[in-house]
Amino acid sequence: MNFDDTPQEAAFRAEARAWIAANAPKQYEEELRKSSLGRVQLKNANILEVAKAWQKKKADAGWACLHWPKEYGGRGASPIERVIWQQEEGPFGRLSAMFIIGHGMCGPTMMAFAREEHKRHYLPPLASGEKIWCQLFSEPAGGSDVAGLRTRAERKGDEWIINGQKIWTSGAHYSDYGILLTRTDPTVPKHKGLTMFFLDMKSPGVEVRPIKQASGQSDFNEVYFTDVRIPDHQRLGEVNDGWNVSLTTLMNERMSIGAGVSTGFPELFEFCNSLMLEDGPAIEDRSVRSRLANYAVKASGLKYTSMRAISALSKGERPGPENSIGKLVAGSMIQEVAMYALDLQGAAGVLSGTDAELAGKFQAMLLRAPGTRVEGGTDEIMRNIIAERVLGLPGDIRVDKDVPFNQIPTKGRA
Amino acid sequence: MNFDFSDEQKQMRDEARKFLSEQCPPKAVRTVLDGKAAYDRDLWRGLAEMGFLGVAIPEQFGGAGAGHLELCVIAEEMGRALAPVPFSSTVYLAAEALMLAGSDAQKQKWLPKIAAGEAIGTLALFEGKGNPSPKAIKLTAAGAALNGTKKPVPDGAIADFAVVAARTGSTGRDADISLFLVDLKGSGVEVKELTNLDPTRGQAELTFTNAKAEPLGATGEGWGIITQVLDRAAVLLAFEQVGGADRALEMGRDYALDRIAFGRPIGSFQAVKHILADMYVSATLARSNCYYGAWALSTNAAELPEAAAAARISATQAFQHCAKNNIQVHGGMGFTWEFDCHMYYRRANATALGLGSVSYWEDALIDRMRKKNAAA
């Protein structure tokens, strides 16, 4: 048991470290380091431009999408090398936020199902950040039950005509392309009538509208499709086999470990270290210490769980669904941490923004937190995944499994 | 990086699991639970023959000289099997104290006997209610004679010797405390067995009346040694707790798969699934914290005090959580004496208290993190 690199890993780390030291946009390092709570913003620069420039620079030097094959813009690196890169890239890795869906989900799906000429054409600019991709799965009627989606694709000669609506699409407003899951046959059970495509987001009939979230911010979009035409050669997988294609996408989402999840603990610990209460420093208060200790062991438990997964990766094992615990634990923890930080501020905790302690950092965390427990699989879906795929418990009894999609009830109370 | 046990260590874990599943089935645990024996003597002898008792004891003192990572994997299996033997008191407390502070002669006298299963040892620290604190120690040492009472002392009624914390000064500082070795079969020692939550590991009251003792370590250094022993024992006991938590989770999972209600396995209801998923989460977090503790223990890292506290808190919570919800998943049957669930519930709640309660370790963890933070 050790935390040391192998000689090969050490050499890779040294090379990565030297390149980053010589090339990273250091003028933003401090700002990026501080923006740990999800929302990355720069005061005097356009974040999209800075991120694209950094990604392009990495791609030109062979440091983009490390685990992808070289012919598609990657480096053909091992999983452990990818983790080492992420450790070395540190705060600059936060500039990759807008590429995560493209690199982590769309790219691997294209690699598995697109035609060779499409892979060679579309993947290198995706790797280099010149083109941004989004994932169009969720719908108003299909969130956790994504196979319940209703966006129609109807074949007309060599083309498909798309009509419907997607929701919660991250980055659709700046994306160039997207992968799209549609219903192609409503007369068969829901999992059996889906088909996957990729499309140009500038296609006529695509309309992107930002969603104003409960937090007041807008990170996601609704996307409307009105008679949008997609050529058949942009179909990914067989007609009506879209569910299996989407499983590849979602599996890759879970593979992207190592980036680490925010728990809010380091911020809370730092806050308690400097906070003065009526009776003295907060950190000397027994009840504060008790709460902090409980959060501390969750945060360290997650940290070392991820290190165990990295060790498994470096031995050539594939990380399994047990990695679902990261998001499940961190999501509700960050919400509790935010509430507790406000509790410690007393009546002044009600203030927000620049009127509040620490420019309203914990207030913003509180308002953003409900979303973290829903996005990318709700807490309940995560628990189902653990129960079914890790513990081997039976799946839920699904009343709609064998019913043709167009006969499934759409309303609860008659 | 290899943040995992080696193949050889995993092999040792498999051996220990196989040995314990044969030699320590629930029936054997129940013999002690029901008061038919003070501990499982055959199992204790078997553990000695397997080399498990002395796995971390150096070869020159009769052990296998393997190390603490090996001891961690064995501890996990002892916890899984609820082994009704004085393993934690003898191996984590007494042997660790001897290895840390004993003279060559003291080590030579006791360590080979521990490894051979011929001596049971313990640490006599507590004097009634409360958590580890030098202020709580009233038992006095005048020269080589001890006077006072210790309770609860783990496995005190079956122990051959004890490491005893005594007051040798009255300045109000840690330096008032010194450690002594006492042969419990000698004169001036009165032993009274106490009833406790988990009869598979006994608790006792030891009263010393001019009992003959010899110093362990230098005078005034007792509290420092105790702190180190508790940190080391915290990691080792945390592995037992993780082993117990995993077993309780498996029992709950298996029952949820077998038990039919409302025409379906109860494990297909989300209300039950989610209980089990949460048990898995807490057991996994605890295991990861324990691995870090094992690394710190085996390398004598400066991070040990912090790592030990985190492992202790996390593993205590996980074992308590898994043991109580294992009963919940079992429903009424889980609340019978006949089902084994309560044995895990008892062990979980007893081990939560033995080295100082969770609130003590919470306080210690933040104190230690804060010191590290200030030093950085």
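Against which helices do the buried residues of helix 8 of chain A pack?

A: This is a predicted model, in which local features need pLDDT of at least 70 and side-chain atom pairs count only at pLDDT 80 or more, while totals for chains, interfaces and linings use all residues. Residues are numbered from 1 along each chain as its sequence is written, chains are lettered from A and ligands numbered from 1 in the order in which they are written, and side-chain values use heavy atoms, with hydrogens and water left out.

The buried residues of helix 8 of chain A pack against helix 9 (286–314), helix 10 (325–345) and helix 11 (361–372) of chain A, and also against helix 11 (358–375) of chain B. Contact here means heavy atoms within 4.5 Å, and helices (H or I, at least four residues) and strands (E, at least two) are DSSP runs, numbered from the N terminus. Helix 8 of chain A covers residues 265–274, and its buried residues are Phe265(A), Glu267(A), Leu268(A), Phe269(A), Phe271(A) and Cys272(A). Buried means under 20% relative accessible area, exposed over 50%, and partly exposed in between, with a 1.4 Å probe and protein chains only.

Chain A is divided into domain 1 (7–127), domain 2 (133–242) and domain 3 (257–390). The centres of domain 2 and domain 3 of chain A, taken over C-alpha atoms, are 33 Å apart, and 6 residues of domain 2 of chain A are in contact with 5 residues of domain 3 of chain A.

Looking at the chain as a whole, chain A has 12 helices and 10 strands. Its radius of gyration (taken over C-alpha atoms) is 23 Å, close to the 22 Å that the globule rule (2.2 Å times the number of residues to the power 0.38) gives for 414 residues, so chain A is as compact as a globular protein of that length. Of the 414 residues of chain A, 49% count as buried, and among its contacts between residues at least 6 apart in sequence, 73% join residues at least 24 apart.

Definitions and conventions. Domains from an automatic or database assignment.
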